[in-house]
Structure formats: C-alpha cells, structure tokens
Amino acid sequence: MAEECPVALVYDGTTAAVLMASPGDLTDLALGFSLTEGIITDIGEIEELTVVPSADGIELRLWLRPNAGRLLKQRRRHLVGPTGCGLCGIESLHEARRIAPPVERPTGLTSEQVSSAIAALSESQILNHVTRATHAAGFFEPGSRIMIVREDVGRHNALDKLAGALAREGTSGRAGAVVLTSRISVEMVQKTAAIGAGVIVAMSAPTALAVRTAEASGITLVGVARGNEFEIFSHPARVSMSEAEADAASG
C-alpha cells in the first residue's frame, strides 16, 4: 500500500504549508515547492534544509538567506493542502489565476518522441507498479536515455519533487518536456512554467483554464496520450511529425 503522511514546509521557523505526501524524496519536495510556488527563484537562496521526522509527521525546515526571507514575509501565504489540492489557502483570486511569463526557447518534440515519453514514464513508475496508488511526473529530454522521475500520492507533490530534482542536478527545464500521469490542471501548468519547460505531455486531459493558461504562458499541452495517439490543446507547432510520418504523408 502507498504511504502518506503530513509534511510541513517550515520557513525561517514559520509553517507556510502542510501537505499530505509520500515520505520519499523529501529534499526534492522542499526545493521544488519553494521554486514552483515562487518562494525562491534559485536553490542558492536556501541557507539550510533539514528533514525532521516526528510522531505527527515530517517537518521540512528551511532557513532562507536574508533577501528571500524578507520576500516570503511580504507574501504572507499560509495553506493546508490535502492530497490533490493545489490552491488551498491563497489570499486572492488574482493569485489563483496567475500567468507566468512565456517560456523562452523551449524544446519541441516529434510525435514519436511524445509516445516514447509516455512509455518511458510508465516503465519508470516503480512505486505505482507495487501500490497502484501514486502519480508520477517525469522529465523527458530528447536524446537522453535517462528519464528523471518522481512519484507521490499527490500529483502536485510529484511535480514539485521533479522540479527539485531538476534544480539539484542543474538541468534546465527548457531542454525537455514534463510528462504526467495525471490530468492537466491549471496548477500543473503554473508549476511547469516555473520549471521553464515549454511542453507538457499527460495521460489524461487538461481543464479549460489550464489550456487558457498554457496559451498565455507559451506552453504546449499534449493530453490524452495513450500509445501512439494524443491530442494537442495549445501551441501545436512545437510538436512535429517524425521522419517516417512525414515520408508517409508526402507519399
């Protein structure tokens, strides 16, 4: 069975968020959440990070460098998020619908690569193969044989863990695509924009607001990706035909 527990994100001694999450890759979760929620812009702004288990759950204690700490206090965001909740506790409707700046110079994919990305993510879901109860987020980089994948009971957590892993390894989001097992909600688009990736490939479909947000943020949404079939919901020019498909079409 999949495990989940309360995980508190504590910045400079103050709890900013409590998530229900899988208790693995928690350093990545802390780094990724901090980046995708705009608490920091670079992991170098974190001075210290410790994982502190207790009888009630786990605290991820982060101490920020002075400038980042001041910005967090000005923001005053507090949320308690159950599994699957990505917008609990924000302080304005405007923040809920925030549009990220357009992604610069993102990598495109061929239709064959879209299928390969979904297949690679499915094969890499080690925890889900055992439990059948977790989501996964992966990073597909054309030409690379390795897919970075993170899993969690919450789809937002899985994506945050992926963001943290990419930041730790110094991998630019512009170099590839975010691949998801879940539906594409607006929060997933916002977090992908923070990562810097210009393409999302998902097994399920996007919401209408997610599509509008992706259009404004310059992100290509590829949904309902199953085997060789998929649908493109925004910025379709970034997905091209493979050589074999192009030859067949011209023939």
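Reply: Two strands pair if DSSP finds at least two bridges between them. This is a predicted model. Start with β7 and β8. They run antiparallel, and five bridges join them.

Now widen the view. β7 and β8 belong to an open sheet of six strands. The order is β8-β7-β9-β10-β11-β12, and the pairing is mixed. Strands of a sheet pair through backbone hydrogen bonds, either parallel or antiparallel. β8 (148–152) and β12 (229–234) are the edge strands, each pairing on one side only. On average, neighbouring strands of this sheet are turned by 20° against each other, direction ignored.

Next, the helix on the sheet. α6 packs there and touches β7, β8 and β9. The direction of α6 makes about 145° with that of β8.

Then the core. The largest nonpolar core has 25 residues. Leu159, Leu180, Val189, Ile219 and Leu221 have the most contacts inside it. Among the elements that give two or more residues to this core are β7 (135–140), α6 (155–169), β9 (177–180) and β10 (199–202). α7 (186–195) and α8 (208–217) also give two or more. α6 gives the most, with six residues.

Finish at Leu221. Not counting residues up to four places away in sequence, Leu221 touches Ile184, Val189, Ile200, Pro206, Ala210, Val211, Ala214, Glu231, Ile232, Phe233 and Ser234.

Note on methods:
Residues are numbered from 1 along each chain as its sequence is written. This is a predicted model: local features need pLDDT of at least 70, side-chain atom pairs count only at pLDDT 80 or more; totals for chains, interfaces and linings use all residues. Side-chain values use heavy atoms; hydrogens and water are left out. A nonpolar core is a set of buried Ala, Val, Leu, Ile, Met, Phe, Trp, Tyr and Cys residues joined through side-chain atoms within 4.5 Å. Buried means under 20% relative accessible area, exposed over 50%, partly exposed in between (1.4 Å probe, protein chains only). Helices (H or I, at least four residues) and strands (E, at least two) are DSSP runs, numbered from the N terminus. Contact means heavy atoms within 4.5 Å. Axes are lines fitted to C-alpha atoms, for helices over the stretch in contact, and angles run from 0 to 180 degrees between N-to-C directions.
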